[in-house]
Every structure is written in C-alpha cells, then in structure tokens.
Amino acid sequence: MTDSSTLNEDLLRRFQARIDAEQRIEPKDWMPEAYRRTLVRQISQHAHSEVIGMQPEGNWILRAPTLRRKAVLLAKVQDEGGHGLYLYSAAETLGVSREEMIEALQEGKAKYASIFNYPTLTWADIGAIGWLVDGAAIVNQISLQRTSYGPYARGMVRICKEESFHQRQGYELILALAQGSAEQKAMAQDALNRWWWPSLMMFGPHDAESAHSAQSMTWKIKRQSNDELRQKFVDQTVPQAEFAGLAVPDPLLRWNEARGHYDFGPIDWDEFNRVVSGNGMCNRDRLTHHRRAHDEGEWVREALRVHEERKRSRAAQDAA
Ligand code: BYC
C-alpha cells in the first residue's frame, strides 16, 4: 500500500468518525470529493427549486382576491427567493460559483423539484401549494436541520421558520374556501385532487430505487429516507384534509392500526420520470422565464461588479 492511499484512508476514517459522533463538517474541513459533489448537487437543486418555485405562485400575485391575500402571497414569494439565496450561498462554500450553478440549471443539467412543473390554474392552487407543497417541503427540511454539513444545516433552521408560516397560510386559505360556497369548496377539492400525488413525488423515488440515499444516509447528509418522510407527510396531512371536509384522491388510503400509519396507493412513477426528465406540463415555460428574468437582471450584476471594482481600487489607493 502506498503512503498516499494510507493517508487517504486515514482521512476518510477520521471524517466518518466525526460524522458518526454528530460533529458538523465545516467548509475549511477536509472532506471526500464525492461528499462535496453530493452536497453541491443537492444544495444547488434545492436552491433552484426555491427560485423556480416562485413562478407558479407569482402567477397569482396580481390576481389575489383581497389586499390581505395579496400582501401575504407577495411576502411568501419573496421568502422563497430569499431561501434560494441562502442555499446558493451555502453551496458556494463548497467551491462552486453562482454562475456555474445557474448555467447548470438553464442547460437542464441540474434538476429542481418536479412539483413546480405543474400549472396553477385557480386561486385554490395557491392554498394547495402552501398547504401541501410547503407542507411536504417542511417535513423534509426539518430533517435536514440535522444534516452533517454546517452551512446547509444552519440555512435550514431559518428556512424552516419561514416555511411553517407558508404552510399555515396555505391551509388557512384552503379552509376558507372549503368552508365557503359550494363553488369555492369544489375549487379547493379540485386543487387537492391535482396537487396530492405530485406532492407525494416531492420526496423522490422509493428507498429501494433511490440512487443516492444509501451513501447520503451514511454521510448523514440525509437523516431520514425518502419513504420515511413521505409517510410522515401523509400521516400529518390526511387528518388536515378530513378537518377541512375534503377527500384525499386515493381510494386505497386507509389507517393501518397495526403499523400505526396510513396505507396509501401506488405512485405513478412514469409521470414522475416524465416530469423530471423535462417533459412535464410547464418545464419549458419555467426555464424560458428563468432565462429571461436572468438576462433582464444582467445590469444589476454588472452594477455590482463595477461597484466592487471601485471599492477595491479605492482601498488600494488608500493603502498606497
Ligand atoms: N424532483 O437518489 P434520489 C420549496 C432526483 S422547494 C426532481 O432519491 P436524493 C418551495 C434526484 O435529484 C423544496 N428531481 O436523490 C419553494 C436524483 O437525480 P440526480 C425543495 C428529484 O438527492 C417554492 C434522482 O431523482 N426541497 O420548499 O438522495 C414554493 C434520484 O433520487 C425529485 C429540496 O430540494 C423531485 N421531487 O434525494 C413552495 C430538499 N426527487 O441529482 C415550496 C432537498 C428525486 O442524480 N433535497 N429527484 O440527477 C433532498 O432532500 C433530496 O435531494 C431529495 C432526493 C429527497 C429531493
């Protein structure tokens, strides 16, 4: 065995021992290249999801029915943009630049959550996104507060606080519709029908099919598996649907006393794969809109660059 492979094994052993001892890994620490790449993949995809996720809801800001609803929705969509920024910053600590991440998204090399490729057809969809999509996101993100990489874990703490407000505003909106006129209740039910299954897909493939899970669990990047988190979401959301008087669109859904969990029907993985591979209802629109918004923002990035250069040259002059 060569000296360098002994050294590498030693570094790997110490790295895993720190993780096993629940110590956080920080940007300055040694880490295996595959751990770094996995984090860049997951954190950047998470960031892209937050930013692309602004589009379906942004579509309704001008059509919100009251000033209060509009103010709440505006604040929520701005929060999502902020979440994207925390996450891009966390990924940057791993040595990848913002430009590289944006390029990967726009070229279709980096994914974002499949759910944002579905259209928001009615006002009730805004309630369903808050209730179900943010509800699913928060189940996943609470678990990620204990992820092994320090900057990601700390970002999650802040994001979870905001996400819980998002979930509550969505559920409150759905409740108001469900308790409203027959037409409003039907709108809420239709939104639940369309968003339920895509929300379950947010947790990713079943554990046995999940390419990255085993390694990510060993590194404690993921603390709970895709299926465990999905089950948690179903268990907490079904009673909320019942309370609202809405029916979850799954004929196989029933409480399993022996397991202490709800059983639910099979997920349509063909649909998931179609959407993830770029052929969902809105994939093209989402990326076209992103490219346009990014191009229109070029003058802001240019102004920031010039400002930074001026600051640097002034500092250099002062130091001379
Ligand atoms: N959509 O081996 P797996 C929000 C991909 S947004 C698309 O299980 P992993 C909000 C996966 O990337 C919150 N792709 O992967 C914003 C992988 O492909 P690659 C978003 C998916 O990483 C605005 C392949 O399938 N939250 O809150 O171990 C408004 C195999 O999967 C999906 C996050 O991003 C999917 N649903 O586990 C409202 C959470 N699922 O990369 C709300 C952070 C799987 O090999 N991410 N894929 O090409 C995670 O926790 C994990 O990355 C996942 C997947 C659980 C999503």
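For E163, the corresponding separation from an oxygen atom of the ligand is 3.5 Å.

Taken alone, the ligand exposes 1,000 Å², and the protein buries 90% of that area; accessible areas follow the Shrake-Rupley method with a 1.4 Å probe.

## The shell around the ligand

The ligand is surrounded by 35 residues, the closest being K111, S114, S210, H212 and K222; a residue is counted as near when one of its heavy atoms lies within 4 Å. By class, the shell holds 14 nonpolar, twelve polar and nine charged residues, where Asp, Glu, Lys and Arg count as charged and Gly is among the polar residues.

## Residue S49

S49 is located in helix α2, helices being DSSP runs (H or I) of at least four residues, numbered from the N terminus. This residue is buried, with a relative accessible area of 12%; the term buried denotes under 20%, with a 1.4 Å probe and protein chains only. The C-alpha atoms of S49 and F116 are separated by 7.6 Å, although the two residues are 67 residues apart along the chain.

## Basis of the values

Residues are numbered from 1 along each chain as its sequence is written, and side-chain values use heavy atoms, leaving out hydrogens and water. The model is predicted: local features need pLDDT of at least 70, side-chain atom pairs count only at pLDDT 80 or more, and totals for chains, interfaces and linings use all residues.

Methods:
Polar contact = N/O pair within 3.5 Å; in protein donor to acceptor, adjacent residues only side chain to side chain. Helix = DSSP H or I, 4+ residues; strand = E, 2+ residues; numbered from the N terminus. Buried < 20%, exposed > 50% of the residue type's maximum accessible area, 1.4 Å probe, protein only.
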